[in-house]
Amino acid sequence: MRSALVCGAGGFIGGHLVRRLKADGYWVRGVDLKSHEFAPCEADDFLLGDLRDPYFCRHTVDRRFDEVYQLAADMGGAGFIFVGENDADIMHNSGTINLNILDVCCKRFVPRIFYSSSACIYPAYNQTDPNAPNCEEDSAYPAAPDSEYGWEKLFSERLYLAYARCRGIEVRIARYHNIFGPEGTWTGGREKAPAALCRKIAETANGGSIEIWGDGCQTRSFLYVSECIEGTLRLMRSRFVGPVNIGSDEMVSIDALADMILAVAGKQLRKQHVPGPQGVRGRNSDNRLIERALGWRPSQPLSVGLGETYRWIERQVFAGKAAPRAPAVRAA
Ligand code: NAD
């Protein structure tokens, strides 16, 4: 039986990854600062602890796992990574996790490790036109990410590549583009745009209004979590190192995203544009490299995943209160 370690197993993507690895027949150890908030952990073994602590990392990687997936990070949506006050924590915490876990994996002769980088590494200067952003993998340099979160991801990509060159560990690096789906953070300040919009729409009764940060014309693409996991495992099981985009290339404006969720919800609400953190003006996944390297690219339409996600978030909202608030909600 193959063994895998999933760092960040108490989080959104890590939780889905553990479930898939178990379905694929792996023995899985999960590790995280916290237990999963929304689903029972399906790992054979789950360690609760802080991967910033090198002693805890040694305890976590106490054997030669066949595969390690490093997804643990101090992260969140625009309301967390673009506001400035979390920058030192983001860089210190995520950087320390990567330094620790990669080093201990080398010392235990782990043959292969996956690292989840981000579309946030791409230069801001290539993402000023909402209709024509450039996120081709080779465009990462000269580097100019729009956030410290992106700079830490870029540093860590280089760290993993340096360990591959100098210490012989095989690495696989994906740049995720806005992953969404059920069982992810949907409230509390770290939620990302699809979850935040689903929550606002679920909380608001027909005839009310929802707030949207910015003018709603900024563009993004969003990838459903099951396709993210599929791409991650295909990359991990391939000979291709990356970094490679794992994202959807169905680019939409934030207003269009809200309209799609409204259609799923069967609601008519006004969109109220308010100032707020937004990040770059346009971003889309360029999927030419993943198609060339893996013979595969994500293909599920955005509307399908939004349906699943909205219904899950609506259940969370209803579980927390008897009925939707009416008519307007001031949300984070
Ligand atoms: P998440 O926040 O749900 O999961 C990250 C997990 O890491 C959390 O459960 C958190 O508790 C854990 N963690 C943080 N600090 C830790 C520490 N010191 N010790 C142990 N565990 C710690 O995020 P996610 O959406 O599942 O993202 C997983 C990975 O993918 C992250 O590295 C993230 O940067 C990357 N990524 C995600 C997206 C996305 O859209 N979700 C996009 C690009 C990149």
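How many bridges join β5 to β6, and do these strands run parallel or antiparallel?

## Strands β5 and β6

In this predicted model, 7 bridges join β5 to β6, and the two strands run parallel; strands are said to pair if DSSP finds at least two bridges between them. Helices (H or I, at least four residues) and strands (E, at least two) are DSSP runs numbered from the N terminus. Ser116 stands opposite Ala174 in β6. Of the 7 residues of strand β6 (residues 170-176), 6 are buried, so this strand is largely enclosed by the rest of the structure. Here buried means under 20% relative accessible area, exposed means over 50%, and partly exposed lies in between, with a 1.4 Å probe and protein chains only.

Residues are numbered from 1 along each chain as its sequence is written. As the model is predicted, local features need pLDDT of at least 70 and side-chain atom pairs count only at pLDDT 80 or more, while totals for chains, interfaces and linings use all residues, and side-chain values use heavy atoms, with hydrogens and water left out.

## Aromatic pairs

A search of the whole structure finds 6 aromatic pairs, where rings of Phe, Tyr and Trp (its six-membered ring) pair if their centres lie within 6.5 Å, and planes under 30 degrees apart count as stacked, over 60 as edge-to-face and the rest as tilted. One of these is the edge-to-face pair of Phe38 and Trp312, with 5.1 Å centre to centre and 85° between the planes. This pair links distant parts of the chain, 274 residues apart, with Phe38 in the loop between β2 (27-32) and β3 (45-48) and Trp312 in helix α10 (residues 302-320). Phe38 is partly exposed at a relative accessible area of 25%, whereas Trp312, at 7% relative accessibility, counts as buried.

Tyr115 and Tyr160 form a stacked pair, at 4.5 Å centre to centre and 10° between the planes. Tyr115 lies in strand β5 (residues 112-118) and Tyr160 in helix α5 (residues 148-167), so the pair ties together parts that are 45 residues apart in sequence. Tyr115 is buried at 1% relative accessibility, and Tyr160 is buried with a relative accessible area of 0%. Ring pairs also link Tyr69, Phe114 and Tyr176 into a cluster.

## Charges over rings

Arg190 lies over the face of Phe80, at 3.9 Å from the ring centre, and the charged end of Lys200 sits over the ring of Trp213, 5.6 Å from its centre. A charge sits over a ring if NZ of Lys or CZ of Arg is within 6 Å of the ring centre and within 35 degrees of the ring normal.

## A pocket and its lining

The second largest pocket holds about 160 Å³ of space; on a 1 Å grid over the protein atoms alone, a pocket is an open set of points with protein on both sides within 12 Å along at least five of seven lines, and lining residues have an atom within 4 Å of a point. Its lining includes Glu136, Asp138, Arg175 and Asp286, and helix α9 (residues 288-294) gives the most to this lining, with 3 residues.

## Around Val61

Val61 is found in the loop between α2 (54-60) and β4 (67-70), and at 0% relative accessibility Val61 counts as buried. Val61 and Val104 are 43 residues apart in sequence and 6.8 Å apart in space, C-alpha to C-alpha.

Conventions:
On a 1 Å grid over the protein atoms alone, a cavity is a set of points where a 1.4 Å probe fits but cannot get out, and a pocket is an open set with protein on both sides within 12 Å along at least five of seven lines; lining residues have an atom within 4 Å of a point. Grid points are joined across faces, edges and corners, and a volume is the space filled by probe spheres set on the points.
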